Amino acid sequence: MEITTEGDLMEKIVTLCKRRGFVFQSSEIYGGFNGFWDYGPYGVAMKKAIEQLWWSEMVEKRDNVVGLDSTIICHPKVWKASGHIDRFGDIMCDCRDCKARHRVDQMPDPKVCPVCGSTNLTPPREFNLMMKTYVGPVFDDEHVAYLRAETCQPIFVDFHLIRIATRMQLPFGIAQIGKSFRNEITPRMFTFRSREFSQMEMEFFCSEEQSMEWYRFWKEARYNYYRNLLEFREDEIQFHDHDKLAHYAKAAVDIEFKFPFGWGELEGIHHRGTWDMSRHQEFSCQNLEYFDPATGKKYLPTVVETSVGLDRTFLAVLSHAYDEQKAPTKKEGIDEDLRIVLHIPPRIAPVQVAVLPLSKKLNDKAAALQKDLWNFYRTELDLTGNIGKRYRRQDEIGTPYCVTYDFESDNDNAVTVRDRDSMEQERVSLSNLRAYLDKKVFGY
Ligand code: GAP
């Protein structure tokens, strides 16, 4: 099988995502809205599966991490304390000649426009990335509020309530998945840099003495998650230590993924020291110290954070999964010579098992089989077109297993299961189908 690499992979992914209803521009009929993306039926199925996998690995399967679902809009003082209102921005300048806008720290020469070479530039100005809104009926400065720019701040703010309610003792973590908003000046690379996106963050509270040990623990745990559960290859992910550290941080590292456009940050693992807790203590005038019953000491917890974008994970999965193959087997009776296939790990595939009746006469029996299977897997009943075309359709959305119900099925109580990656077909008895698929989809 020949693998074709011509053409721009990113463009192919974007095109497939729109054509098959994974992701497309928000408000498309109005020309789209830059930096905002909608997830269609297959997209939302895979997004929710990734979210659930992260939640199960980071919260449900741990006895030292608990969950939170906070509001998107919190008291404006939260963002004053966190530093977002005063410092969360990019220094930008505009070219007066070609009207291009640039981030000054990304310009090879800050005095020269990298697009047209002009030196006729506006003085550098700071653009704050926080999205503003108003709460209440009056639209004035007193009623300004902000959409959260990261999901972690409400975790710091709620730390004490959660600790008391759960009777958790340090070290323990609080995790949250939710929307964040940033008024990115240059949203780009499909969903990679969006203005509205989802984050999956976990803040781990511990003592200062233990913090580096936990930092190393989470760094390793998160790397293994990508390798073992999302099945990223060793050459697709790497660590990138931060060159500059915030004054309060002891360490910070990014896990980068090799996207079609190059290496990009997927997740940050940050030692945040006591910075956030001390700022919220100062601005709220509340004592946020932790009393350690073992030592009798009171101290502000040190925080180690793991922070990943859900949309970037989604894009990384698609970049990893996308494959084009020429010359499909004659066996499948297809004459087109291009097979697009997404090698998505079965546990997060939008459709895990598709049921395909071989003839219209078998539609009802196939539908009954699907209704049985949908209690256990994400399923689809694919009725139209010849069987080869249906296989191709399922390949394109990454369905790992197609179950064909044929005229023999009534006699031998068996179906044919076709594997997306090997394209091998196996006859499996209906009584053994669940056990067979469980092993394939979940590995047990
Ligand atoms: N609480 C720490 C924090 O928010 P960050 O490095 O700014 O750190 C964490 O963001 C993760 O959120 C990034 O690694 C990335 O996956 C995702 N992210 C950040 N900005 C994004 C954007 N504009 N669009 C999509 N994802 C973004």
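Arg103 is partly exposed, with a relative accessibility of 23% (buried: under 20% relative accessible area; exposed: over 50%; partly exposed: in between; 1.4 Å probe, protein chains only). The model is predicted, local features requiring pLDDT of at least 70 and side-chain atom pairs pLDDT 80 or more, while totals for chains, interfaces and linings use all residues. Residues are numbered from 1 along each chain as its sequence is written, and side-chain values use heavy atoms, without hydrogens and water.

Arg103 forms a salt bridge with Asp105, with 3.1 Å between the closest N and O atoms (a Lys or Arg side-chain nitrogen within 4 Å of an Asp or Glu carboxyl oxygen). Asp105 is exposed, at 58%. The whole structure holds 28 salt bridges.

A second pair consists of Arg272 and Glu305, whose closest N and O atoms are 2.9 Å apart. This pair links distant parts of the chain, strand 14 (residues 262-273) and strand 17 (residues 302-309), 33 residues apart (strands: DSSP E runs of at least two residues; helices: H or I runs of at least four; both numbered from the N terminus). Arg272 is buried at 10%, as is Glu305 at 2%.

Arg418 and Asp395 form a salt bridge of 2.7 Å, N to O. Arg418 belongs to strand 23 and Asp395 to helix 10, so their pairing ties together parts 23 residues apart in sequence. Arg418 is buried at 0% relative accessible area; Asp395 is likewise buried, at 0%. Elsewhere, salt bridges with shared partners connect Glu150, Arg272, Asp276 and Glu305 in one network.

Strand 23 (residues 414-419) pairs antiparallel with strand 24 over 5 bridges (pairing requires at least two DSSP bridges). Within this pairing, Arg418 stands opposite Gln425 of strand 24.
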